[in-house]
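Subject: Structure handover

Dear colleague,

I am passing on the structure that we spoke about, and I would be glad if you could look it over before reading my notes. The sequence and the model come first.

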Amino acid sequence: MSRFVVRTEKLSKVYHEGGAPLPVLIDVDVAIEFGEIVALRGPSGSGKSTLLNILGCLDRPTRGRYWLGGRDVSSLDRTAQAWVRLHYIGFVFQTFHLIAHSTALENVALPLHYAGVPREPAHAQARALLERVGLGERLDHRPNQLSGGQRQRVAVARALACKPRLILADEPTGALDTRTGQEILGLLLELHAEEKLTLVLVTHDPAVAAVAHRQIEIRDGRVVRESRSDAPAA
Ligand code: ADP
Ligand code: MG
């Protein structure tokens, strides 16, 4: 088995705006080992989210190859992509992406429902996950009854629901104040250690990047620098 959870070869993405091709990722080669924490950095518009969406099988490359856990997932159809996302990947977004009219418990149970887990065990697992992220007292609250930090905790619990190997987090602290952001980062690091996760974080925040084992910097769609941290926190 491959020691890489993620490996890409000449991954490229071209958008078409009014007919004119807009290359957003150009020949991106990245290799991420199981258990690594990687920070993806770069200016706004450099292609970080596009890359994360392809790594998360939310989108497909225009050219190039992508192996997830050793399996070529470059050209899966939508159904296969959805299966891979559900069973292999957890997402955390800057703006949480919770379902507004659903409770915290329902939000976390939803991926379990999709995975075919019956209602009762799904709710029991969702409850345990919410307790783990410190929201055992907020199970029946809806997102608008929760603070930003609490919403992101729900999103983290949801990301973990189907026991993914890979967590992709797109600026997970970007919408939070500094202290709350630190708490969410601390939570992600604890879960990384407990669950043997691989963590890829897009971030502008040097404090977030500092906890990574490795930093990958993107500019204008290309990887321009990779560096290993001297003293990662995890
Ligand atoms: P980042 O996350 O680093 O800020 P993005 O990956 O979101 O960058 O965007 C990279 C570039 O791709 C930007 O120029 C953006 O405008 C463009 N882009 C992103 N998504 C689309 C899309 N769906 N259609 C056309 N252009 C897009
Ligand atoms: Mg982005």
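Predicted model: local features only at pLDDT ≥ 70, side-chain atom pairs only at ≥ 80, totals over all residues.

Residues are numbered from 1 along each chain as its sequence is written, chains are lettered from A and ligands numbered from 1 in the order in which they are written, and side-chain values use heavy atoms, with hydrogens and water left out.

Ligand 1

The shell around ligand 1 (residues with a heavy atom within 4 Å of it) consists of Tyr15, Val24, Pro43, Ser44, Gly45, Ser46, Gly47, Lys48, Ser49 and Thr50. By class, 3 of these residues are nonpolar, 6 polar and 1 charged, where Ala, Val, Leu, Ile, Met, Phe, Trp, Tyr, Cys and Pro count as nonpolar, Asp, Glu, Lys and Arg as charged, and the others, Gly among them, as polar. Helix α1 (residues 48-55) contributes the most to this shell, with 3 residues; helices (H or I, at least four residues) and strands (E, at least two) are DSSP runs, numbered from the N terminus.

Oxygen atoms of ligand 1 lie 2.7 Å from a polar backbone atom of Gly45, 2.8 Å from an N or O atom in the side chain of Lys48, and 2.9 Å from a polar side-chain atom of Ser49. Taken alone, ligand 1 exposes 560 Å², of which the protein buries 62% (Shrake-Rupley method, 1.4 Å probe).

Pockets

A pocket here is an open set of points on a 1 Å grid over the protein atoms alone, where a 1.4 Å probe fits, with protein on both sides within 12 Å along at least five of seven lines, and lining residues have an atom within 4 Å of a point. The volume is the space filled by probe spheres set on the points, which are joined across faces, edges and corners.

The largest pocket holds about 460 Å³ of space, and among its 18 lining residues Leu86, Phe91, Pro111, Tyr114 and Arg158 lie nearest its centre. Strand β7 gives the most to this lining, with 4 residues, and the lining as a whole has 13 nonpolar, 2 polar and 3 charged residues.

The second largest pocket holds about 210 Å³, and its lining divides into 7 nonpolar, 1 polar and 5 charged residues, with the largest share, 4 residues, coming from α4.

With best wishes

Technical notes:
Polar contact = N/O pair within 3.5 Å; in protein donor to acceptor, adjacent residues only side chain to side chain.
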